[in-house]
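Subject: Structure handover

Hello,

Please find the structure below, handed over for your files. My notes come after it.

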Amino acid sequence: MRDAKRVLLTALIGAAFLLLIDSFASGYHKYLIELMGIYAILTVSLGLTNGFTDVFSLGHVGFMAVGAYTASLLTFPLEKRPSYFPELPEILKGAYLPYPAALIVGGLLAAAIAFVIGFPVLRLRGHYLAVATLGFMAVVYSLLLNLEPITRGALGISGIPEYTNIWWIYLWLGLTIYVTWRIVDSYHGRAMIAIREDSIAAQSLGIDTFRYRLVAFVIGAFFAGVAGGLYAHLITLIDPRAFSFVLTFNIIIMLIVGGMYTISGAWLGAVLFTVLMQVLRPVEESTGLYGLVELIFSALLVAIMIYKPRGILEEELPALVRRWLKAGEGSKRS
Amino acid sequence: MVSATYILDLFIGSFVLGSMYALLAIGMSIIYGILRLINFAHGAMLMVGAYFYIMFLTMGLDPITSLPLSMALGAVLGVAIDFFAYRPLRGGPELSMLITSLGVYIFLENLVRIIATPQPRVFPLPEFLKGVYRYGDFSVRVIEIFTIASTLVLFAALVLFFTKTKVGIAMRATADDLEASVLMGIDANRIIMIAFALASMVAALTGFLWGGMYGQVDPTTGFMPGVKAFIAAVVGGIGSLTGSVLGGYILGYAEIYSVGLLPPEYSGLRDGISFLILIIILLIRPYGLFGREVERV
């Protein structure tokens, strides 16, 4: 019951903030905040595998791409389809879904693919798993470039209806955080963390490591797919390059710098990344040193790995705030 | 129309590409063997090596001195990277080094982008490697022969190094069991330094060959070869020298023949095909063709 109240309160405060932003922020700033929300969905859902379960996946962007293309095809105006996709397969010619349903179908397709490739890939460990998921990402990229009847190859799909707004993004971010939190803060999550800390010990306690890894992988993929759909209907133009290694690395950097063992860390990483990017881009442009931003981010990543390997937020934000408040009370009393 | 010369052309092309993958895979394999680190940054060492070579040329040196100098400088850089980025992480979780190496890759790529601009640079090939031999329809470039020959010579030299010299044997011992080798009086840090120097030197040489083959380099040049070499090493059995070389050739052949023999509309799938091979191999033999299964407890 207390949880329900807290969730409701957080949601209300969040909605109030969004209302303020929606009515007062400039178009550009609103766009940044929207992008930040999509990054946050990606990092929080990636944290479920890379942070809470011992599955270091590099394939998240592949799932995002699946969601983005699926949702875009489903909402694409029917009358424009024959001229825009002349070779579209028969089934897709008339398949239309309203935007919210298209997002969910995109997510479900990503989750279904995660389920299928999870069987072979999740039996691998550590490095090998990282490479195999990177392989998945590369295969998706390669298919996007080459399945021209459906994806239009390198041209990409433009003219996607602009349905995504700040409310949709933050509604889904809220859902992502809520679902992740409910999973992590349950029997299920304890089992996942046990697998992360010592998979052999976890197994000996009767935890089915494979099943927990698969569940984390599939749920993470679902939200990545939804994030892809949101992204496509925000930018209105998608092409394979948007889902390349660059985005993969950026999401990994956000997650690790923010702190991949906490949910707050994951979204904090996305916030920091977007803010730093905005601060540093003008510096890069005025000095002409293109690549400076990436240079700084990568140096940050290495420094974090060496000095603070659990990221900036090692503890959940609410727990930290509570402790800080308690410490304040203590000092007042003395 | 598939003619005999076309097949032969593909054969040489695959041999050359496979050789370059093999050279990079050897470096990755050496480092993995000792540190259990999949060094993503290794691809960047190829690109940096090529830029070093161009740098020495523009300083007015001749090609014969520039190549060894660029290899030496590559070795120094490799050792420096290990010292600053990987050494502080030793003994930590396996994945933290993998993540760090991703960071090091991005760092190197963008450092070069800032210093040398993102524009591709023409890679000047020395005169004696520029020629082409022709036999009727069939032709082969001198740089292609040079690439294949230097790979085979280097492979033979490395096999001798690892079986006959004291340092080489010490390196294998360290790869086998780091703790036991330290107890036997092997200086692990020195061995790791040598491994990075050796691997980076070979990567710099590969950079020279790569630049020579394709005529230009840019800061992103190293990425795909790095990833492919990594696949080659895993397919062959990472940690095994013979496996890495074989993996390199398997990948080179698979890539060139799939592009050369499939209808042109599928040629864009070449990168996907490499990864498909990787996934299949990992499923059948999770430790690669020549790898040994090591159970971590």
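Predicted model: local features only at pLDDT ≥ 70, side-chain atom pairs only at ≥ 80, totals over all residues.

Residues are numbered from 1 along each chain as its sequence is written, chains are lettered from A and ligands numbered from 1 in the order in which they are written, and side-chain values use heavy atoms, with hydrogens and water left out.

Interface

Chain B brings 44 residues to the contact and chain A brings 38 residues, where contact means heavy atoms within 4.5 Å. About 3700 Å² is buried between chain B and chain A, and carbon and sulfur atoms give 80% of that area; buried area is the accessible area (1.4 Å probe) that two parts lose on being put together, summed over both. On the chain B side, α3 (63-86), α4 (94-116), α9 (223-236) and α11 (270-284) each supply at least two residues that touch chain A. Helices here are DSSP runs (H or I, at least four residues), numbered from the N terminus. The largest share of that side, 15 residues, comes from α4(B). Zero salt bridges are counted between the two chains, a salt bridge being a side-chain nitrogen of Lys or Arg within 4 Å of a carboxyl oxygen of Asp or Glu.

Nonpolar core

The largest nonpolar core has 202 residues, and A:Phe56 and A:Phe243 touch the most other members. Such a core is a set of buried Ala, Val, Leu, Ile, Met, Phe, Trp, Tyr and Cys residues joined through side-chain atoms within 4.5 Å; buried means under 20% relative accessible area (1.4 Å probe, protein chains only). Helix α1 (residues 4-35) of chain B gives the largest share of this core, 17 residues.

B:Ser19 sits in helix α1 of chain B and is buried, at a relative accessible area of 0%. Beyond its neighbours within four places in sequence, B:Ser19 is in contact with B:Thr147, B:Ile148, B:Thr151 and B:Tyr249.

B:Phe223 belongs to helix α9 of chain B and counts as buried at 13% relative accessibility. Leaving aside neighbours within four places in sequence, B:Phe223 is in contact with A:Phe245, A:Phe249 and B:Tyr105.

Regards

Technical notes. Buried < 20%, exposed > 50% of the residue type's maximum accessible area, 1.4 Å probe, protein only.
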